[in-house]
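Q: I have a new protein model to read. Can you take me through its features one at a time?

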Amino acid sequence: MKKQHEKDPFIIIALWILAGAMIGSMIGVLGLSGIIPGDKMMTVTSMTIKICIGLIVLIIDLLFIWGSCQPFLRKYIYDHGEATEGVIEYVREIPRPDQLGADEWTRKVRYSCTIRYKGNKKEYSKEFAPTHLTSKQELYPFTLKEGQKIAVRFLKGFPALSIIDVDKLTEGRLNETNNDRIHLVMIPSIITALYITVIIMI
C-alpha cells in the first residue's frame, strides 16, 4: 500500500507529460504531412501553446480556489457531520526541509494519513490531506501511528467528504489556513492577470 500511495502523484504527472508530448507530436506530423498548410502551422502551434498554458493556469486557479474553500467546508462538516471512529492504515511524515536533521521529538512535519472508517453502513479508505506543520511534542499525548483508532467526522449525505476530528489537528489547521488565506487569493490572481496580459500583447 505504501508504494502505491508514493507513486500515484508521479504517475499522474507522467500521464500529463505524455499527453502533452502526444499533442505536440500530432501537430508536427500534421504539419509535415501537409494536412496543415505551412502558413497556418505557426498559427496552430501558437494557439495550441496558448491553450495549454491557459489550461495550466486554470488548473492552478482551481487548486487555489479549492484550497480557499477548504476552511468553510471543514467547518460545515465539523458543525453538521456525523461522528465515527476510524483506523489509521498508513502514516507518512513530510518533514520541513530545514528540519531533516532535527530531533524526532521536536522535528516539524506534516502527517499524511490513510484512514479506514464507516459511514452510512459503508466502509471507506481515504487519504486525508496533510496536517498542519507540527511535531510529536506538540501533539503529545496524541500520536499518529498505523493501527491506531482515530475520530472522524463525515457528511451523512456524502460520507466520502470527511475530516479528522481531533482538536489539536483542527485548531492547528485553522490557524495555518488563516495565515495562508491571503496567498490563496493573491497567487492565482497574479498568475491569471499575467496570463491575460501576455495573451493580449501577443
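A: Start with exposure. Buried means under 20% relative accessible area, exposed means over 50%, and partly exposed lies in between (1.4 Å probe, protein chains only). Glutamate 93 has a relative accessible area of 32%, so glutamate 93 is partly exposed. This is a predicted model: local features need pLDDT of at least 70, side-chain atom pairs count only at pLDDT 80 or more, and totals for chains, interfaces and linings use all residues. Residues are numbered from 1 along each chain as its sequence is written, and side-chain values use heavy atoms, with hydrogens and water left out.

Q: How do I read a sheet, and in what order do the strands stand here?

A: Strands of a sheet pair through backbone hydrogen bonds, either parallel or antiparallel. Strands (E, at least two residues) and helices (H or I, at least four) are DSSP runs, numbered from the N terminus. Two strands pair if DSSP finds at least two bridges between them. Here five strands form an open sheet, in the order β3-β2-β1-β4-β5, with antiparallel pairing. The edge strands are β3 (122-127) and β5 (158-164), and each pairs on one side only. On average, neighbouring strands of this sheet are turned by 40° against each other, direction ignored. Such angles run from 0 to 180 degrees between N-to-C directions, and the axes are lines fitted to C-alpha atoms, for helices over the stretch in contact.

Q: How many bridges join β1 to β2, and how many join β1 to β4?

A: Eight bridges join β1 (residues 82-95) to β2 (residues 109-119). Six join β1 to β4. Both pairs run antiparallel. On the β4 side, valine 87 stands opposite lysine 149.

Q: Is arginine 153 buried or exposed?

A: Arginine 153 has a relative accessible area of 18%, so this residue is buried. Arginine 153 lies in strand β4 (residues 149-155). Now check its polar contacts. A polar contact is a pair of N or O atoms within 3.5 Å; within protein, one must be able to donate a hydrogen and the other to accept it, and residues adjacent in sequence count only if both atoms are side-chain atoms. The side chain of arginine 153 makes such a contact with the side chain of aspartate 165 (3.3 Å). A polar atom of the arginine 153 side chain also lies 3.0 Å from the backbone oxygen of glycine 81.

Q: What is a salt bridge, and how many does the structure hold?

A: A salt bridge is a side-chain nitrogen of Lys or Arg within 4 Å of a carboxyl oxygen of Asp or Glu. The structure holds nine. One of them joins the side chains of lysine 75 and aspartate 79 (2.7 Å, N to O). These two are separated by about one helical turn, because they are four residues apart in helix α2. Lysine 75 is exposed at 53%, while aspartate 79 is partly exposed at 44%.

Q: Which parts do glutamate 93 and lysine 136 tie together?

A: Their side chains meet in a salt bridge (4.0 Å, N to O). Glutamate 93 lies in strand β1 and lysine 136 in helix α3, so the pair ties together parts 43 residues apart in sequence. Both belong to a network of salt bridges that links Glu93, Glu104, Arg107 and Lys136. Another salt bridge joins the side chains of lysine 108 and glutamate 138 (2.3 Å, N to O). This pair links distant parts of the chain, 30 residues apart: lysine 108 in the loop between β1 and β2, and glutamate 138 in helix α3.

Q: How should I read backbone angles?

A: Most residues other than glycine have a negative phi, and most peptide bonds are trans. Now find the exceptions. Asparagine 120 has a positive phi, near 55°. Lysine 121 has a positive phi too, near 65°. Asparagine 120 is partly exposed at 42%, whereas lysine 121 is exposed at 87%. A cis peptide bond joins tyrosine 140 and proline 141, with omega about 10°. Proline 141 sits in the loop between α3 (136-139) and β4.
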